[in-house]
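Here is a short briefing on one protein chain. Look over the sequence and the model first, then read on.

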Amino acid sequence: MPSPVPASAPTVPTAKVGTPLLSAESLVKDYGSFRAVDTVSLQVHTGEIYCLLGPNGAGKSTTINCFLGFVAPTSGRVQVKGLDVQQHPVETKRALAYIPEQVNLYRNLSGLENLAYLAALGGGAERSRTELTELLVDAGLQREAVTKRVGEYSKGMRQKVAVALAVAKEAEVLLLDEPTSGLDPKASNEFSDLLGRLRERGVAILMATHDLFRARETGQRVGIMNRGRLVRELATSEIGHADLERIYLDHMHD
């Protein structure tokens with residue numbers, strides 16, 4: 001189990017709990033005649049984990065890519081901290097950290113060397129080797145693994161380096177695309193614990209996932225997507241696992 005966040009760890013810039021840090025308004029994304037995202041509106045607030053559920057092709061990844069500025073909306077808009085992503089690409093990216101399904105790191109470098117290099121590229125505050133080591137350990141990486149080559153890491157270990165990078169960047173928003181895919185139950189549970197700790201520190205988290213159980217356990221709200229549309233939003237405190245599965249399957253048959 002990862003250790004508690006040390007008092008000396010960098011703090012995420014504070015914002016009032018409940019402030020929307022991510023906002024999509026009538027978001028549409030077309031690829032030719034194919035509509036990947038169809039009039040989606042959603043918000044993710046400070047200190048909230050919002051899980052996007054849906055099958056492959058539902059529009060989850062495209063929605064996240066619009067927030068990242070990787071693709072431009074056909075219509076509607078996406079905002080980070082109240083700033084339009086297309087109009088303020090640099091400012092919005094500074095607030096974000098992104099963890100894809102497969103975290104790409106330099107295999108011949110250690111976890112510590114990867115973190116030092118990528119944190120410097122991200123323009124964060126300069127940190128000592130000791131500080132970076134503690135960030136990795138705090139993210140759940142075993143201390144003896146910090147100086148090992150990433151080529152020897154499991155997927156779960158690479159994700160922990162990515163989480164440490166998000167903390168080093170002092171990211172206010174975390175975007176994740178199928179982060180628990182391929183993880184064993186123990187690693188998936190540890191990753192969920194890490195997300196919970198970031199949420200407690202005020203980070204707004206949007207996670208695309210197929211994992212109904214993990215979404216129910218980790219998120220405060222879930223949004224169900226199908227064929228590009230956000231067809232239902234639910235508060236996880238108001239439903240059980242069986243309820244979520246039933247509602248999800250009902251919408252998949254629509």
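In what order do the strands of the open sheet of 6 strands run, and with what pairing? The order is E6-E7-E8-E3-E9-E10, and the pairing is mixed. The edge strands are E6 (96–99) and E10 (229–235), each of which pairs on one side only. This is a predicted model. The points below go through both sheets, the helices and the cores.

**The sheet of 6 strands**
- Neighbouring strands in the open sheet of 6 strands are turned by 15° against each other on average, direction ignored.
- E7 (residues 173–177) and E8 (residues 204–209) run parallel and are joined by 5 bridges.
- In that pair, Asp177 of E7 stands opposite Ala208 in E8.
- E3 and E9 also pair in the parallel sense, over 4 bridges.
- Here Tyr50 stands opposite Arg221 in E9.
- E9 and E10 pair in the antiparallel sense over 6 bridges.
- Ile224 stands opposite Arg232 in E10.
- E9 and E10 form a hairpin with 2 residues between them. Arg227 in the turn has a positive phi of about 55°.

**Strand E9: buried or exposed?**
- E9 is mostly covered, with 6 of its 6 residues buried.
- Both faces are covered. Arg221, Gly223 and Met225 are buried on one side. Val222, Ile224 and Asn226 are buried on the other.

**The sheet of 4 strands**
- Another open sheet has 4 strands in the order E2-E1-E4-E5, with antiparallel pairing.
- Its edge strands are E2 (34–45) and E5 (83–84), each pairing on one side only.
- E1 (residues 20–31) and E4 (residues 75–80) run antiparallel, joined by 5 bridges.
- Ala24 has Val78 in E4 as its bridge partner.

**Helices H4 and H6**
- The buried residues of H4 (residues 129–138) are Leu132, Thr133, Leu135, Leu136, Val137 and Asp138.
- What covers them includes H3 (111–121), H5 and H6.
- Just after H4, Gly140 takes a positive phi of about 100°.
- H6 (residues 185–200) has 16 residues, so at 1.5 Å a residue H6 should span 22 Å. The end C-alpha atoms are 23 Å apart, which agrees.
- At the start of H6, a side-chain oxygen of Asp184 reaches to within 3.1 Å of the backbone nitrogen of Lys186.
- Buried residues in H6 include Phe191, Leu194, Leu195 and Leu198, and also Glu190 and Arg197.
- Just after H6, Gly202 takes a positive phi of about 100°.

**Nonpolar cores**
- In soluble globular proteins, nonpolar side chains tend to be buried together.
- The largest nonpolar core here has 49 residues. Ile99, Leu136, Leu174, Leu176, Leu195 and Ile205 touch the most other members.
- Helix H5 (residues 155–168) gives the largest share of this core, 7 residues.
- A second, separate core of 28 residues includes Leu42, Leu68, Leu96 and Leu175.
- Which residues does Leu176 touch, not counting residues up to four places away in sequence? They are Ile64, Ile99, Phe191, Leu195, Ile205, Leu206, Met207 and Ala208.

Key: Residues numbered from 1 in each chain as written. Predicted model: local features only at pLDDT ≥ 70, side-chain atom pairs only at ≥ 80, totals over all residues. Heavy atoms only, no water. Core = buried A, V, L, I, M, F, W, Y, C linked by side-chain atoms within 4.5 Å. Buried < 20%, exposed > 50% of the residue type's maximum accessible area, 1.4 Å probe, protein only. Contact = heavy atoms within 4.5 Å. Pairing = 2+ DSSP bridges. Expected span 1.5 Å × (residues − 1). Polar contact = N/O pair within 3.5 Å; in protein donor to acceptor, adjacent residues only side chain to side chain. Axes fitted to C-alpha atoms, helices over the stretch in contact; angles between N-to-C directions.
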